[in-house]
Amino acid sequence: MNEIYRKFRPKDFDQIVGQDRAVKVLEGFLKKGEVPHALLLTGPSGVGKTTIARILRRKLYCSEMDFQEINAAESRGIDTIRDIQQRMGLAPMGGKSRCWVLDECQKLTGDAQTALLKVLEDPPNHVWFFLCTTDPVKLLKTIHTRCTEIRLGTITQEEIKKLLYDCLVRLSISSKDPAIKDKVLDKIAESADGSARKALVLLQQVMDLEGEEAQLDAIEKADSRKQAIDLCRTMMKPGVRWDEIRLIIEQIDEEPETVRRIVLGYAGSVLLRGGKVGKATAILGCFRDHWYDCGRAGLVMSCWEVFGQK
């Protein structure tokens, strides 16, 4: 079976779940023929930023050969922006426009962001840029001023559950099929953290498992939020051993930056409740800076720093 989240990726705005306000604004731009040439799509992971950018490029009659999607986590240097500068003046080869998507654009280096400013300042009439980011505060303020920001929010559990039902129907699996019970769908919706993509990934992981208990157990193990909170709780335990922390780290397969934010949120709530103040403060200090440059190694190092503050 193909990956469900790819199979059911929306092809048009009426298929987008939970982003009615953003869709209404974009449809208004299209109706007036006034789509801003630089759009900044912000919001949590898995809520539709890149999907909306892909729909827009089709609405702007941009052919595949005139479309480029760049993952700024992998191509984050100034050469990426220089390549865009060299090509943006060329006429479209197969449609009416040329479009670039810069995914996770906050991971561009400082020099690359500075170069991007000139690109965004006065693009040709046939060129559109869609900047997608989960962390807009990491972008230069002057990039914000050159873009029209479209904010996307998390998706409610009710909306996610409806999405899951619809996918099961389209897969020719009855929503009354005892193999996929309501309790399992509720658990998926709860564990998805407002992300449609994560919900569909979890659905695929449980579809071939037999029995509600096995399905719920699989969701529990895949719940990155629970893993991150377990990590935070373990680091707060008095007399904790490094092996206990290490085992949890090894089981985490979520993006380190997502783990960092969950840990910060949990430690912050502990501090506000007046709980284990010392450890919570240590975690907030050691997890304060992002790990864009070091990834998983940053997670390990921050955990080690907390462990060392006994």
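**Notebook: helices around a parallel sheet**

I started with helix α5 (residues 110-121), whose 12 residues reach 17 Å from first C-alpha to last, close to the 16 Å expected at 1.5 Å a residue. That expected span is 1.5 Å times one less than the number of residues. Helices here are DSSP runs of H or I with at least four residues, strands are E runs of at least two, and both are numbered from the N terminus.

A note on the source: this is a predicted model, where local features need pLDDT of at least 70 and side-chain atom pairs count only at 80 or more, while totals for chains, interfaces and linings use all residues. Residues are numbered from 1 along each chain as its sequence is written, and side-chain values use heavy atoms, leaving out hydrogens and water.

Next I looked up burial (buried is under 20% relative accessible area, exposed over 50%, partly exposed in between, with a 1.4 Å probe and protein chains only). In α5, the buried residues are A112, Q113, A115, L116, L117, V119 and L120. Their cover includes β1 (38-42), α4 (78-87), β3 (98-103), β4 (127-133) and α6 (141-145), counting contact as heavy atoms within 4.5 Å.

Then the sheet. I found five strands in an open, parallel sheet, ordered β2-β3-β4-β1-β5; strands pair if DSSP finds at least two bridges between them. β2 (67-71) and β5 (148-151) are the edge strands with a single partner each, so one side of each has no neighbour in the sheet. On average, neighbouring strands are turned by 15° against each other, direction ignored.

Five bridges join β2 to β3 in parallel, and Q68 stands opposite W100 in β3.

Helix α2 (residues 20-32) lies across β1 and β5, at about 145° to β5. α5 also packs on the sheet, touching β1, β3 and β4, with its direction at about 140° to that of β4. Angles run from 0 to 180 degrees between N-to-C directions, and axes are lines fitted to C-alpha atoms, for helices over the stretch in contact.

How many residues of β3 are buried? Six of the six are, so β3 is largely enclosed by the rest of the structure. R98, W100 and L102 lie on one side, and C99, V101 and D103 on the other.

Last, I looked at α8 (residues 182-191) and α9 (residues 196-207), which pack at about 140° with axes 9 Å apart. V184, L185, I188 and S191 of α8 meet K198, A199, L202, L203 and V206 of α9.
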